[in-house]
Amino acid sequence: MPTEEIRVCGTVQGVGFRPTVYRLAKACGLHGDVCNDGQGVLIRVSGSEEAITKFVARLQTECPPLAKINQITRIICERELKFDNFVISTSVSNAIKTEITPDAATCPQCQQEIFDPFSRFYRYPFTNCTHCGPRLSIIRAIPYDRCNTSMSAFAMCSECAKEYHDVENHRFHAQPVACYACGPTAWLERADGKSVTASMFSMLDDVDAVCTLLQKGEIVAIKGLGGIHLACDATQETAVQKLRQRKRRYHKPFALMARDIEIIEEYCTVNAKEKELLTSPAAPIVLLQATGKKVVAPSIASGQNTLGFMLPYTPLHHLILRRMNRPIVLTSGNLADEPQCIDNDEAREKLGTIADYFLFHNREIINRLDDSVVRVIGDKVQTIRHARGYAPAPISLPPGFKNVPQILAMGSELKNTFCLLREGEAILSQHLGDLENGAAFNAYQDTLNLYLNLFEHQPEIIAIDKHAEYLSSKLGKELADTNQIKIHQIQHHHAHIAACMAENGIPLDSPPVLGIALDGLGYGDDGTLWGGEFLLADYRKFQRLATFKPVVMIGGEQAIYQPWRNTYAQLIAANLWNDCQQQYNDLEIVKFLNKKPLKLLNQLMEKGINSPPASSVGRLFDAVAAAIGIYRDECSYEGQAAIAMEAIVDVSSLNNHKETPKYPFNFIFSDSIYCIDPRPMWQALLDDLQQQIPEPVMAAKFHKGLANAIVEMVKHLCQENLINQVVLTGGVFQNCILLEQVTKGLQTLGIKVLTHSLVPANDGGLSLGQAVIAAAQLIHEY
């Protein structure tokens, strides 16, 4: 009887793949075995050729919900193997080539069990099965078996072991399976150290008591799946403000969690695609349009017209929210800009002055995971933060990248991720934050070491950003020097474009695209700061065809947090400041600027002291927002003014089928490069300010005018360079109005537009671009 060895590669461990193989093999009348190993799943079967072929076909069509098959390889064994039945064999440790599954939200069957009084999992906050529960957050090593996770501390009871070994049970070979008798436990503590019991609140248990505490306006730190969160009632302004002040997060929007879709729909509109995302195994935060039918506390997301909602994704969260008929804040348990706490003692130390209570548990979190953030623009998903639920699922690379050596890309300074490249796929880490914070940089190094060990990744090349002062670049150089590894320095905006090309499947040897990369700033090839670039690019090289007129950032980094500095610099660059003093001296922005130390600022600009020129579109947005009165004086995070300006845009004016007014931009050609000059836009904006045009209309005219300028520049460059494919990337294109306007304008011209979906358009996707560029350059060298 024929015997075959079948190798299955992909996301096939920790997802119920071996039980599926077992059931299908039995159904097809096959004998043999199946095991996990470092390359994925190995199946050995004996049976008729017809039965084996039918088995492989069913394996593909009946793949478990969390699994993803990348490749199935069949090899006929020369010698017949003797099997009396089909069995699941012990895992084998060898070279690591398999994938690690992202953490998955509680499945419907487990949800039903935790609310069923007759189930042994009734109200058990760590209920999980083959199709849901912790994965990356608890894993120490491959293969994904209990002994290699933080669940190794909990020996299975006889009941759990029985379900674990029962092929008909949905917990068959679920590594984190546990119950009240043998698994992790949760308990409530007061932050002041005094004793507390659930009986104080006449509640069912400590988890249920959290709901009452939140309803009373308390702040509770909740240890969840990939980290500790801070929670409060999202409808109580006093509680929200208390949380903001204690956490020192004064303006950034807070994420919200609600018990079900029906509660979310009381506050936001939810379309079919958004509902699909909310209820998916990834269960990300989804940015939704606020309706105003019911409102949360005003300071949840001031200056924005969207709210970030997620549904409960663990039994713990489902149980807390069972009696909660309104949303709660669920934000990272940390001080502003620091990494999220994952350890109980660390939380007591760092969050003791923020939280009133702690809900802890005793299952160790191995890998810190923030919540992912996504948004639907048009009918396409845009990832804003790549984290829980998505990392570390691999991204299949386009044709041409199959046989490249292992590469490590270090990412950027802000919104950092790193990327491992191997055998035609990229593994993008979870969001690791801004590395300028010391604790965040330490966490970045810890996570990098964990990934390198998990995947036994031994890079032959390290790719870094060209900015020499990025901590990720410095660390990359140290690793390269220590291990005598070749290093590739990758230009920031080229990496943005390459990341978008890679996730859209553009083959390695494709002709160049026109990439438009708009962001805050990145180090340019000419030693200046770029941020508004039109690059003719493939994976190996690029040519800068056009840019936005460079304008100085007065005070350097201070210009990011004080938008008025950009307004003044733009008016000086446009030679309009004298007009402001004479013709527009009654405007609020001019009066405001005249109170600043302009003589000193002029000296800084004239002498080039801490005032680098930058072609940044991000700073242009800040300048316009400040001019019309939005966060003029100060911002607490980058892009705050620009986001607030997007929120007030008069969309009805923008989408009017008649000719919509738009601010004009000039096009100039200087030093062998085209340049978009905003001078006429500023002239028109000053006139509108003088005529007291409403802010929403001015915001609409700016968006429309900027989009039109980009489209016109692309039209010219595409004709001149015979290009018909354009990439839109960079953090500025997270502005959905600008993205939609530019996309619509280019598609009208018959130009194919590529945008981001799998990886962020912001610097969170940069490491993928760095990795594929380094790979392409290496292939070119050989």
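Residues are numbered from 1 along each chain as its sequence is written, and side-chain values use heavy atoms, with hydrogens and water left out. Because the model is predicted, local features need pLDDT of at least 70 and side-chain atom pairs count only at pLDDT 80 or more, while totals for chains, interfaces and linings use all residues.

Helices (H or I, at least four residues) and strands (E, at least two) are DSSP runs, numbered from the N terminus. Five strands form an open sheet in the order β4-β1-β3-β2-β5, with mixed pairing; two strands pair if DSSP finds at least two bridges between them. At the edges stand β4 (68–76) and β5 (86–88), each of which pairs on one side only. From one strand to the next, the twist averages 15°. Strand β1 (residues 3–11) is antiparallel to β4, and eight bridges join the two. Within this pairing, Glu5 has Ile75 of β4 as its bridge partner.

Two helices lie across this sheet. Helix α1 (residues 17–27) lies across β1, β2 (31–37), β3 (40–46), β4 and β5, and runs at about 175° to β5. Helix α2 (residues 49–61) lies across β1, β3 and β4, at about 170° to β4. For such angles, axes are lines fitted to C-alpha atoms, for helices over the stretch in contact, and the angles run from 0 to 180 degrees between N-to-C directions.

Several local features of the backbone follow. In the loop between α3 (108–114) and α4 (158–164) lies Arg123, a residue other than glycine whose phi is positive, near 60°. Further along, strands β14 (residues 373–377) and β15 (residues 380–385) pair in the antiparallel sense over five bridges, and Val374 stands opposite Thr383 in β15. Their hairpin has two residues between the strands, and Gly378 there takes a positive phi near 70°. In the loop between β15 and β16 is Pro392, joined to Ala391 by a cis peptide bond with omega of about 5°.

The structure also holds 18 aromatic pairs, in which rings of Phe, Tyr and Trp (its six-membered ring) have centres within 6.5 Å; planes under 30 degrees apart count as stacked, over 60 as edge-to-face and the rest as tilted. One of these pairs, Phe401 with Tyr539, is edge-to-face, at 5.1 Å centre to centre and 85° between the planes. This pair links distant parts of the chain, 138 residues apart: Phe401 is in the loop between β16 (395–396) and β17 (407–409), and Tyr539 in the loop between β23 (529–537) and β24 (542–548).

Helix α15 (residues 563–573) takes part in two helix contacts, where contact means heavy atoms within 4.5 Å. The axes of α15 and α18 (residues 598–607) come within 12 Å and cross at roughly 65°, which makes α15 roughly perpendicular to α18 (angles under 35 degrees count as roughly parallel, over 145 as roughly antiparallel, 65 to 115 as roughly perpendicular and the rest as oblique). Trp564, Arg565, Tyr568 and Ile572 of α15 meet Leu598, Leu601, Asn602 and Met605 of α18.

The α15 residues Pro563, Trp564, Asn566, Thr567 and Gln570 meet Arg619, Leu620, Asp622, Ala623, Ala626 and Ala627 in α19.
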